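Me: I am new to this structure and would like to go through it by question and answer. Please show it to me before we start.

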Amino acid sequence: MSTRPRASLRRILEDLGSTVLNVAVAAGDPDTEVTGVHIYDPLDDLAPPAGSLLLAVGVESASRIHELLALTPSAAGLVVKQPVDVDDGVRQAAASTGTTVLGLTRAASWSQVSALLRTLLAEGELEEEPQDDLFSLANAVCALLDAPVTIEDRSARVLAFSTRQEEADAGRIATVLGRQVPEEYQRMLFERGLFKQLYQSREPIYMELDGDSMNRVAIAVRSGDEILGSIWAAVHEPLSEQRQRALTDAAKIVALRLLRERAGADTQRRLRADLLSTVLAGGQGAAEAAGRLGLATERLCVLAAQLTQPQEADLAKRESDRQRFCDALALHVGSIHPKAAAALVGTVAYAILPSHSDERAVKVAESFLSSVAPRYEANVGVGRLAHHLAEVARSRVDADRALRVLQTRGTSGQAADYSAVHVESLLLQVADAAAAEEQTPTGPYQRLLAYDAEHGSQLLATLRAYLDAFGDVNVASAQVMVHANTFRYRLKRLAEIGEFDLHDPEARFALLLQMRIFGL
């Protein structure tokens, strides 16, 4: 498996949203890999590598777009500032070269979009980007408005703040110190309908607050119809028309920065998941992937964790819950050992944890489930101890099997290692093999199954109760709520119909095994 996060036009458009880029002329395969970003310079020889995105700075007319398409037949996409001048010549050239023409919002600078796209295409960098740029933006907005500013997300968490916060009120100071708008202020804004007004408007909103609080001017930060956050300025009076325009323009720039940070975080998550998948699969790339993750390479256990709570109908919310759950797992194992790692692979959150024993890993899993309850309902399967990196793949298979057993039981909030559920796991594997080979019940079990289906009887349920009670008729008859003598008659009858000797241990074992494989 490649450790490089694969970027395509489709994924770039999905990550950035229609506010930054949209498709002016679709051509070629949207899933083709994008290999790099290049800026068009009319003074240089134009020879971008195959699969590259070409940023057409200063190109506006349809004739110029047509010329560039003809000169770059191997490019994945050509980016032009909106509005994009498209005519039949541009459409034909795009179709013949397979190069998609994209329109870039006029609010974005070429340097911004270049940095944003390179973040999406980044490979090999797992470190978080510095957050100074967002604070610099807050200071720039502060200078434009002549007022202290905060940039907040949808949950009223402070992402960045400007200088001069001491000029504001106590509520603003508490917000900055706690990096979160205090609950009483949020409640007040909500009750007065100011949040609703803010998120419904595309213009700055002036808010007159009571008491010792300074008034506020705020604007929602958007990507299309999606609210990314908001900018808040503490003011004494409404902004002038010029400053309102400045705040509106600033919101577009902040939106680009937030999108860039989100894209970078998503890229790092995908890269980490790819690297962890490589380690879990074993093979030649496992050692290099483990090195890039900073993982320990011996005495490791694999944990497989999965949510069991009812799934959200909203796919985006479901995926967000899974990712937050995985982030919690990564934080938990990381706090226990610095050379642990976790990532979401499909619907399962995997962690590779340095450990001295399976029992120790189970305790870590149990403490994690306890820490996330009741917010998340989940199970965790724990694989056998891997003494070196080559055995991690086996530990992953063990963890998956233990997790499946817990799911089959219908339990939640449980952790189990492979050895504790070994027999149940073997039975599930046998059932899988029987299903794959389209095997069906045979012998006495098949005859009893057919008789019950034809006559509406409960002979198999009677037999199962008898076997579960180790042949104790009184216990078994009480379980199915019939008289002991009636139960004995049913036993005699089912032995006759099934054509087997109830006292033969091999016959009893074969029947019980088929019940477990085919179900009863």
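What follows goes from the whole chain to single residues.

Reply: This is a predicted model, in which local features need pLDDT of at least 70 and side-chain atom pairs count only at pLDDT 80 or more, while totals for chains, interfaces and linings use all residues. Residues are numbered from 1 along each chain as its sequence is written, and side-chain values use heavy atoms, with hydrogens and water left out.

Me: How many helices and strands does the protein chain have?

Reply: Helices (H or I, at least four residues) and strands (E, at least two) are DSSP runs, numbered from the N terminus. On that basis the protein chain has 19 helices and 15 strands.

Me: What is the radius of gyration of the protein chain, and what does the globule rule give?

Reply: The radius is taken over C-alpha atoms, and the globule rule is 2.2 Å times the number of residues to the power 0.38. The C-alpha atoms fill a box of roughly 95 × 65 × 50 Å along the principal axes. The chain is more spread out than a compact globule, because for 520 residues the rule gives 24 Å and the radius of gyration is well over that, at 32 Å.

Me: What percentage of the residues of the protein chain count as buried?

Reply: A residue is buried under 20% relative accessible area, exposed over 50%, and partly exposed in between (1.4 Å probe, protein chains only). Of the 520 residues, the buried share is 46%.

Me: What share of the contacts in the protein chain with a separation of 6 or more comes from residues 24 or more positions apart?

Reply: A contact means heavy atoms within 4.5 Å. Among contacts with a separation of 6 or more, the share from residues 24 or more positions apart is 60%.

Me: How far apart are the centres of the positive and negative side chains?

Reply: Lys and Arg count as positive and Asp and Glu as negative, without His and the chain ends. Each charge is placed at NZ of Lys, CZ of Arg, CG of Asp or CD of Glu. There are 53 positive and 69 negative side chains, and the centres of the two sets are separated by 3 Å.

Me: Which cysteine sulfur is nearest to that of cysteine 326?

Reply: A disulfide is a pair of cysteine sulfur atoms within 2.5 Å, and the structure holds zero of them. Cysteine 326 is therefore in no disulfide, and with 2% relative accessibility it counts as buried. Its nearest cysteine sulfur is 18 Å away and belongs to cysteine 301.

Me: Is the peptide bond from glutamine 82 to proline 83 cis or trans?

Reply: Most peptide bonds are trans. Proline 83 lies in the loop between strand S4 (77-81) and helix H3 (88-97). With omega near -5°, the bond from glutamine 82 to proline 83 is cis.

Me: What is the phi of aspartate 146?

Reply: Most residues other than glycine have a negative phi. Aspartate 146 sits in the loop between helix H5 (132-145) and strand S6 (149-153), and is partly exposed at 45% relative accessible area. Although aspartate 146 is not a glycine, its phi is positive, at about 60°.

Me: Is glutamate 499 buried or exposed?

Reply: Glutamate 499 is in the loop between helix H18 (484-498) and helix H19 (505-518). Not being a glycine, it still has a positive phi of about 60°. Its relative accessible area is 58%, so glutamate 499 is exposed.

Me: Which residues are in contact with alanine 27, leaving aside neighbours within four places in sequence?

Reply: Alanine 27 belongs to the loop between strand S1 (21-25) and strand S2 (36-39). Its relative accessible area of 11% makes it buried. Leaving aside neighbours within four places in sequence, alanine 27 is in contact with Ala94, Ala95, Gly98, Thr99 and Thr100.

Me: Which residues does threonine 248 touch, not counting those up to four places away in sequence?

Reply: Threonine 248 is part of helix H9 (residues 241-281). It is buried, at 17% relative accessible area. Not counting residues up to four places away in sequence, threonine 248 touches Glu203, Pro204 and Ile219.

Me: What distance separates the C-alpha atoms of leucine 331 and phenylalanine 368?

Reply: Leucine 331 is in helix H11 (residues 315-336) and is exposed, with 66% relative accessible area. Leucine 331 and phenylalanine 368 are 37 residues apart along the chain, and their C-alpha atoms are separated by 9.8 Å.
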